Amino acid sequence: MTIEDEVRSLQKFRMFHNVETAKLKLMAMIADRVVFHPGEVIYAQGDASDAVYIVLDGQFKVSLNTSAGVIDFAEHVRGALLGEAGVLCDQVRMATITAETTVTALRIDREPFLQLLHESQPFNHAVMRELGRQIMDLNNICAQLVQRLPKGTPAADAGRHIAAPPTSPVH
């Protein structure tokens, strides 16, 4: 495929509608086109977050390795941005992504991705919107899980301890 073909592919995604054509062209130039076959791991939980992936075509699943075993909790199709949270937060991969069908993606290494965020406000906003959408999806999943708890079971609030201000001694 040519750079222009890659740019046209990116322009089809809602996430990139407002991103400058020049920045999409740059993204296409610095990205590597990669193909994953059904059952192939795109990245594994615990791997270094060294790149992001923009899924151009195909379907993949997201799974977590837990002490209770592997939990498959989401399936996605083309247009997804993968791995951006780990790159932005300098954390290892939080989940395993596996191709369900043949997946074609653009792989952008960590540093060029961060540079694009810095240089292009529309690209930065596109990534923020995608992260916001993912948070909303996770909130919906959490709400559904909490509704399944037996009545009277306290729902954990991990953020409460982090966000609560320290108590000051009473004088």
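Q: Is Leu145 buried, exposed or partly exposed, and what is its relative accessible area?
A: This is a predicted model. In it, Leu145 is partly exposed, with a relative accessible area of 47%.

Q: Where is the place of Leu145?
A: Leu145 lies in helix α5.

Q: Which elements each supply at least two residues of the nonpolar patch?
A: β5 (69–77) and α5 (121–148) do.

Q: And which gives the largest share?
A: α5, with three residues.

Q: New topic. At what angle do α4 and α5 pack?
A: About 115°. Helix α4 covers residues 110–119, and the two axes are 5 Å apart. α4 and α5 are therefore roughly perpendicular to each other.

Q: Which residues make the contact?
A: From α4, Phe113, Leu116, Leu117 and Glu119. From α5, Gln121, Phe123, Asn124 and Val127.

Q: What about α2 and α4: how far apart are their axes?
A: The axes are 11 Å apart. Helix α2 (residues 21–30) and α4 pack at an angle of about 175°.

Q: Is α2 roughly parallel or antiparallel to α4?
A: Roughly antiparallel. Angles over 145 degrees count that way, so about 175° qualifies.

Q: Which residues of α2 and α4 make that contact?
A: Lys23, Leu26, Met27 and Ile30 of α2 meet Pro112, Leu116 and Glu119 of α4.

Technical notes
Residues numbered from 1 in each chain as written. Predicted model: local features only at pLDDT ≥ 70, side-chain atom pairs only at ≥ 80, totals over all residues. Heavy atoms only, no water. Helix = DSSP H or I, 4+ residues; strand = E, 2+ residues; numbered from the N terminus. Buried < 20%, exposed > 50% of the residue type's maximum accessible area, 1.4 Å probe, protein only. Axes fitted to C-alpha atoms, helices over the stretch in contact; angles between N-to-C directions. Parallel < 35°, antiparallel > 145°, perpendicular 65-115°, else oblique. Contact = heavy atoms within 4.5 Å.
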